[in-house]
Amino acid sequence: MPAWLTRQQALIDFTLASLARRKLKNLGLLLVYTLIVFLLASVMLFGHALRREAAAVLKDSPEVIIQRMVAGRHDLIPPGYLDRLGHIRGVQSQQGRLWGYYYDPVVKANYTVMVPGPDAASPVATGRVVVGAAMARARGLAPGNLISLRAYSGRLFSFTVADVLDHDSELVSADLVLMTEADFRAFFEITAGHYTDIVLSVANPQEVRNVAAKISAALPDSRPILRDEVLRTYESVFNWREGIVLVLLAGALLAFAIFAWEKASGLSAEEKREIGILKAIGWETGDVLKMKFWEGALVSLTAFLLGYVAAYLHVFHFASALFEPVLKGWAVLYPRFELTPAVDGLQVATLFFFTVFPYTVATTVPIWRAAITDPDAAMRG
Amino acid sequence: MLFQPAIIALLLASGTGLALLAAAAPFAWELIRRWDIASGSERQLRLERRTYLMSTLLTLVFASQLLALLLFVFNADRMAVMFVGAMCAVGALNVDPFGFPALASQIAVFFLAAIWLVINHVDSRASDYPLVRVKYALLLAILPVVALTFTLQLEYFLNLRADVITSCCGSLFSSEARSLGGDAAALPARPAMVLFYGTLAAAVATALVHVRSGRAAWLVAGSAAAAFVAALAGIVSFVSLYVYEHPHHHCPFCILKPDYDYQGYWLYLPLFTAAAAGLAVGALRPFAGIPSLAGILPAISRRLAWFAAGGFTACAAVATFMVLRSRLILIGG
C-alpha cells in the first residue's frame, strides 16, 4: 500500500507542477467550473433553506384549519358552527379566528389584519395595534405613532401603534397588523358570532385524518385543511421550483460539458510534446491516463469547494440576490429575512452528480485520445 | 414528479451510464470475437488502445452506480414527506409498484458493478490482459440489468404523484403482512439473533480462513451472500426494534433517518462493502489457474477477504452496540 500511495503522491506532484505551467488556461477552466457549481449550489442551498424555514414556521401552526365554502369560495363561519363541531374525540381545543386583508392605498400594499389568540404572547388593548416590521418600514411607523386607516365601509379609524413586531419573525409577520376582536369587528363590520375560520389542535398526529373525516361529515360545507397537507405542498412546490431552475440551467451545464470537452481535446503543441516525452521515457498509456485523472480530480475538487463556499456566502450572507425573484416570489411588503444556514448530504451528493460527473464523462474521451498518441508522432507535433 | 433535483441527478447518472454502456457494447462484442494478444495486427493494436478508454469509462460508470444506490435510498427517504401516510423510504417506495423493484435492481447493479470493478482491477495488473474477454462478456451481461434499472427508475419517478395514500412502514413490516418484508419481521427475535450472529460469524471465519490459506473462495462468496440476507433479516426482525425501542416497529429504512442520527448507514455501509468484497472473492476464483495471474490474484483475493471479514465484523459490532445501548428489553428480563 505505501508504494501505491507514494506513486499517487508523485503523480499528484507532477500534475500540480504541470497545471501550474499552464496557469492561464487552467484558471479559465477553473473559473467556468466554479461558476457552474456556484449557480447550481446557490439554487439548491436556497431551496433547501426555504423548505426548512417553511417547516419551522408550520411546526407550531394548528393541526387542522376549517374554512367554510360557499359556491366554492371561502366564506365567514356563521354562528353555531363552533358548537356544531361539538366534541369530536381527539380534538384538544377548537377556536374561531378572525383575520382578513386590508389594502392600504398609501403604500399600495395588502396588510394581513388579525386578532391574536387568547394565549398570545403580547395582547393588544382596544384602540391600539401591533404592526409587522415591513409594514412599519413602509409607513415609517414607530411605537407611539398614530395610524389612520379607512375601512371598507368608508369610516376612518385611528389606532396607536403599541409595538412593532420583532425582526426575527419577519418571514411570517412582515405585513401583519394585530388588533383586538372589538376593533376588528368594528373595522370590518363583522357581526358577533361570525369568524373567518376555525382552528383545531389535535394531540395525536395519527388521529388528524380521522378528525378531518368527521368534520367533513358533520359540516359538509366546510373544508378542513391539514397542517401536513400544507407542509407537503410547500415541500413539493419548492422542490419543483428548484427542479425547474435546475432544468433551465441544464443548458449551461451542457455548454460547460462541451467547453470541458473542447479544453481537454485542444491540447497545445507543448502539451502534446510533454506527453510524447513522458511516453518516450517509459510512461505507459495507463500512467498518462492516471495523471490526467488526477488533473481532473484536482480541478473538480477545487472548483467544487470554491463554488460551494461562494454559493453558501451568496445565499446566507448576501440574501441570494441572483435568484430571489424566481424562488421567493415577490410582494410590496416583502419580508427581509436571513435564512438559517443548512448544508445537507443529499444536496451535496446531488450537486456532485450534476457537476463532477458530466465533467469527468466529457473529458474522458479527449484525454484518452491524447494518452494513446505514439511518442514520436506527439513529439513531432 | 421529474422536477426534483435528486431525481434529475439519479436519472442523469443512470441515463448517462446506460448510454455509455450501450455505446461500449458493439466494441465489447468485437473484442470478444477478435481479441488475440499474440497478434501484432493493426486491429489488435486498435483494440488494445481502445480498452484503455473503455475501462476508464466503465470504471466511471460503475463507480457512479455504487454512489447512485446511496442517493436512491437517501432520496426515497427524503421524498416520504410528500406522500400521505408515508413516514420513511418504505412509504415513498410503495407509492408506486415500481418503487421496490427499482431498489432491488439498483442493489443488483451495485453488486455486479463492484464485481466488474474488481475483475477490471485484477486484469489491469496482469501483463497480458488475461481477463479481457471475461470483462467484456460480463459487461454485455450487466447491460440489460442497467437498462432494466433505468427503465424501472424512470417508470417509478414518472408515476409518482404527491399525495397518494400509501401504506407506511408500520403496516408493511408488521407481523401480519404477507410480503417478504413481513416474513422477515415475523421471525421471532431469538432465532433471528442466532441466525444473524451465526451467519455473520461463519462469513467472518471463512473469510479469515481464505486470508490464511487462500482456499475456500467459493465458501467465502456463499457465506457472504448468506450473511447479507441474514443480516438484512436480522435488521428487520430485531436490530431495528432495539434502535426504535419499540417492540413492533420493524422498518429497515427508518434507521436511516436523521431522527435516529442516521445510525443505519453505520450498519449498511460495512454490510454492503463486505458482501460485495465476499462475492468478488468467489468471482475471482475461476481465474486462479491463469499463469499470468498467479502472482497477483491470491494477494488481491486475500485483501478482499480481509475487507469482507472486517466489514461483517463491523456490522455485527455496530448491531451489538445498538442492542446494548437500547433501553428496550426484548429477551428475558
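Reply: Start with A:Asp75, which is partly exposed because its relative accessible area, 32%, falls between the 20% and 50% cut-offs. This is a predicted model, and what follows should be read as a description of that model. A:Asp75 forms a salt bridge with A:Arg68, and the closest N and O atoms of this pair are 3.3 Å apart. A:Arg68 counts as buried, since its relative accessibility is 18%.

A:Arg68 also has a salt bridge with A:Asp221, where the closest N and O atoms are 2.9 Å apart. These two residues come from distant parts of the chain, 153 residues apart: A:Arg68 belongs to strand S1 (residues 64-70) of chain A, while A:Asp221 sits in the loop between helix H7 (208-218) and strand S11 (222-226) of chain A. A:Asp221 counts as partly exposed, with a relative accessibility of 23%. Side chains of opposite charge can pair when their charged atoms come close.

Over all chains, the count comes to 16 salt bridges. One of these salt bridges joins A:Glu274 to A:Arg21, with their closest N and O atoms 3.2 Å apart. This pair also links distant parts of the chain, 253 residues apart, with A:Glu274 in helix H10 (residues 269-280) and A:Arg21 in helix H1 (residues 2-21) of chain A. A:Glu274 is buried, because its relative accessibility of 15% is under 20%. A:Arg21 is partly exposed at 45%. A:Arg22 belongs here too: A:Arg21, A:Arg22 and A:Glu274 are linked in a network of salt bridges.

A:Thr363 lies in helix H13 (residues 345-371) of chain A, and it is buried, at a relative accessible area of 7%. Its side chain reaches the backbone oxygen of A:Thr360 at 3.2 Å. Leaving aside residues up to four places away in sequence, A:Thr363 touches A:Ala260 and A:Ala264.

Next comes the boundary between the chains. Here 31 residues of chain B are in contact with 34 residues of chain A. The size of an interface is often given as the accessible area lost when the parts come together. Between chain B and chain A the buried area is about 3,000 Å², and carbon and sulfur atoms give 76% of it. B:Phe3, B:Pro5 and B:Arg49 supply 21% of the area that chain B buries against chain A, more than any other three residues.

One salt bridge is found across this interface. It is formed by the side chains of B:Arg78 and A:Asp344, at 2.9 Å from N to O. There are also four residue pairs in polar contact across the interface of chain B and chain A. On the side of chain B that touches chain A, helix H1 (5-34) and H2 of chain B each supply at least two residues. H2(B) gives the largest share of that side, 14 residues. By class, the side of chain B that touches chain A has 22 nonpolar, five polar and four charged residues.

Within chain B there is another boundary to examine. Chain B is divided into domain 1 (1-167) and domain 2 (175-333), and the centres of these two domains, taken over C-alpha atoms, are 23 Å apart. In domain 1 of chain B, 27 residues are in contact with 25 residues of domain 2 of chain B. The area buried between these two domains is about 2,100 Å², with 85% given by carbon and sulfur atoms.

The count of salt bridges between the two domains of chain B is one, and the side chains of B:Asp77 and B:Lys257 form it, 3.4 Å from N to O. Two residue pairs are in polar contact between the domains. Helix H2 (42-79), helix H3 (89-94) and helix H4 (99-125) of chain B each supply at least two residues of the side of domain 1 that touches domain 2. H4(B) provides the largest share of that side, 12 residues. The side of domain 1 of chain B that touches domain 2 has 23 nonpolar, one polar and three charged residues.

B:Pro26 counts as exposed because its relative accessibility, 52%, is over 50%. B:Pro26 and B:Leu140 are 114 residues apart in sequence, and their C-alpha atoms are 9.4 Å apart in space.

Conventions
Residues are numbered from 1 along each chain as its sequence is written. Chains are lettered from A and ligands numbered from 1 in the order in which they are written. This is a predicted model: local features need pLDDT of at least 70, side-chain atom pairs count only at pLDDT 80 or more; totals for chains, interfaces and linings use all residues. Side-chain values use heavy atoms; hydrogens and water are left out. Domain bounds come from an automatic or database domain assignment. Contact means heavy atoms within 4.5 Å. Buried area is the accessible area (1.4 Å probe) that two parts lose on being put together, summed over both. A salt bridge is a side-chain nitrogen of Lys or Arg within 4 Å of a carboxyl oxygen of Asp or Glu. A polar contact is a pair of N or O atoms within 3.5 Å; within protein, one must be able to donate a hydrogen and the other to accept it, and residues adjacent in sequence count only if both atoms are side-chain atoms. Helices (H or I, at least four residues) and strands (E, at least two) are DSSP runs, numbered from the N terminus. Ala, Val, Leu, Ile, Met, Phe, Trp, Tyr, Cys and Pro count as nonpolar, Asp, Glu, Lys and Arg as charged, and the others, Gly among them, as polar. Buried means under 20% relative accessible area, exposed over 50%, partly exposed in between (1.4 Å probe, protein chains only).
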